[in-house]
Amino acid sequence: MTTNELVREDPAYQQLFQITNETARRGGVVIEDIYSGLARLRDQGPLLKGSIHDFLGEGLPPHLFTHSRPHFAALDFETNSSVVNNDDIFSSRTYDEYFPNQALGRTIINMGGLEHRRIRGAVQALFTMLYARDWWKPRWVEEIVDVLLSDFERKGRADLNQQLCARLPMHTITRGLGLDAEEALAFRVNLMATLSNLVTDDERAAAAQVVRQTMLNAVEIRRREPRDDILSALTGASFTDDDGSVYQLDDEEILSFCRLLMAAGGGTTWRQLGITLHALLTDPANWAAVRDDRSLVDRAINESTRWNTTAPLFYRIAERDVRLSGVDIPAGARIEACFAAANRDPTRWDDPDTFRLDRPFQRHLAFGGGPHTCIGRFVAQSEMSVAINALADRVPDLRLDPDAPAPIITGGLEQRGVDHMRVVF
Ligand code: HEM
């Protein structure tokens, strides 16, 4: 592995891994506190007619969907669980109309039924809990964390957002997929440009061409000479249909899947690791507890995803007229599945607004549920766990830099995190 590539200074890191920039790229509006507004809405009912974007005063970003539809907002745990567990009624084809997904192509997040199972099944085995532990962790995660920490541990200070949280997931998913380490940052710059609301159509098309060509080259090599990586799993996957015909993924299907994995794998974990460290370091008692009892690390990660998920809002379409939580929803309506609101449902969690390390485990929805449950959740958990354990081992007196602005969790309704996390040790 090229150590230099991992720790190289580059202004692109600052551009890519800032929540305020990311929110602007998505055309969203920064809202510092979404949770008091969500609580007020949830108090009005578990399912409201209208859009949370409008309710919270942001306004539905005009570019976000290519088709307008009536919106309904699911706000409690039970209603959101019903939405994600019944994908024949509440389908994911709404993402066909979702601007950020247009550049990814048709992916498993848009699909349902057999098509979804078949394509997700092509790589599912590489994302199990066992694979996270025995493949992702020793092959990439531990080594990347070691290089990143070695770069700053002797300096006595760091911005964990830029020097750890941002770099670890991007380099992990790039290597897991099978792209060269040197390509990671340039690839992500271009991939994010294809999803951006802030570039011209020509710039977006040029970026899409770079992404496409990089992946086509890698796919072509795997077709000749498979390796131990995700691209090879995709090129080698074959499915036998009921009529006995054998089906293999074509280049377009593989490219779309990879674009989704790279976008999801490099972004969410960056932000959630920052949120978890925020919860631990803004209350030094939390950091001391986790540092001194490592069985609390996984608990801290689980609680941070419940308390402040980086991905508050997802979408579905009602495939037929349906009554849900006492509300009639017409066929064709768009449902806003607000996992952030569901995860603070006071009928399920006591004192839901507080991050608590001693909270008994209860299933939440930060990784979704039903057939579209996040495929990368064990990889994300492994990355965060290795990073936090390594910090506790190597810089145990880690604390926020008293001379720097305190980090805050901020962002839009679709992605939240911290812009910086300046620490001393
Ligand atoms: C803390 C980190 C993460 C969070 C909070 C998160 C959250 C989610 C959620 C809520 C969904 C469901 C979306 C829906 O139902 O519409 C999802 C799906 C997905 N996630 Fe993650 N994710 C994380 C990390 C990752 C990573 C590391 C990867 C890849 C390595 C990944 C890849 C995916 C994919 C491919 C899907 C689509 C699954 C499907 O449609 O079957 N995610 N994620």
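Predicted model: local features only at pLDDT ≥ 70, side-chain atom pairs only at ≥ 80, totals over all residues.
**Entry 1: the ligand shell**

I started with the ligand and counted 28 residues around it, the closest being His116, Arg120, Arg316, His372 and Cys374.

Then I sorted the shell by class, which gave 17 nonpolar, 9 polar and 2 charged residues.

I looked up what sits by the oxygen atoms of the ligand. For histidine 116, an N or O atom of the side chain is 2.7 Å from a ligand oxygen. For arginine 316, I also read 2.7 Å, here from a polar side-chain atom to an oxygen of the ligand. Isoleucine 108 uses its backbone instead: an N or O atom there lies 3.4 Å from a ligand oxygen.

Next I asked which elements give two or more residues to the shell. They are helix H8 (113–124), helix H15 (251–281), strand E7 (313–318) and helix H19 (377–394). H15 has the largest share, with 7 residues.

**Entry 2: the iron**

Which protein atom is the donor to the ligand's iron? I found only one, SG of Cys374, at 2.3 Å. I then checked where cysteine 374 sits, and it is in the loop between helix H18 (339–342) and H19. Cys374 is also among the closest residues of the shell, and H19 is one of the elements that give two or more residues to it.

**Entry 3: the five-stranded sheet**

I traced an open sheet of 5 strands, in the order E1-E2-E10-E7-E3, with mixed pairing. Strand E1 (47–49) and strand E3 (90–91) are at the edges with a single partner strand each, so one side of each has no neighbour in the sheet.

I zoomed in on E1 and its pairing with strand E2 (residues 71–74): the two run antiparallel and are joined by 3 bridges. Here lysine 49 is opposite phenylalanine 72 of E2.

What lies across this sheet's strands? I found helix H6 (residues 77–85) lying across E1, E2, E3, E7 and strand E10 (334–338), and its angle to E10 is about 120 degrees.

**Entry 4: the three-stranded sheet**

I finished with another open sheet, which has 3 strands in the order E4-E14-E11 and antiparallel pairing. Its edge strands are strand E4 (157–159) and strand E11 (399–400), each pairing on one side only.

How many bridges link E11 and strand E14 (residues 422–424)? I counted 2, in the antiparallel sense. In E14, valine 424 is the residue opposite arginine 399.

Definitions and conventions
Residues numbered from 1 in each chain as written. Heavy atoms only, no water. Near = heavy atom within 4 Å. Polar contact = N/O pair within 3.5 Å; in protein donor to acceptor, adjacent residues only side chain to side chain. Helix = DSSP H or I, 4+ residues; strand = E, 2+ residues; numbered from the N terminus. Nonpolar A, V, L, I, M, F, W, Y, C, P; charged D, E, K, R; others polar. Pairing = 2+ DSSP bridges. Contact = heavy atoms within 4.5 Å. Axes fitted to C-alpha atoms, helices over the stretch in contact; angles between N-to-C directions. Donors = N, O, S within 2.8 Å, 3.2 Å for Na, K, Ca; no water.
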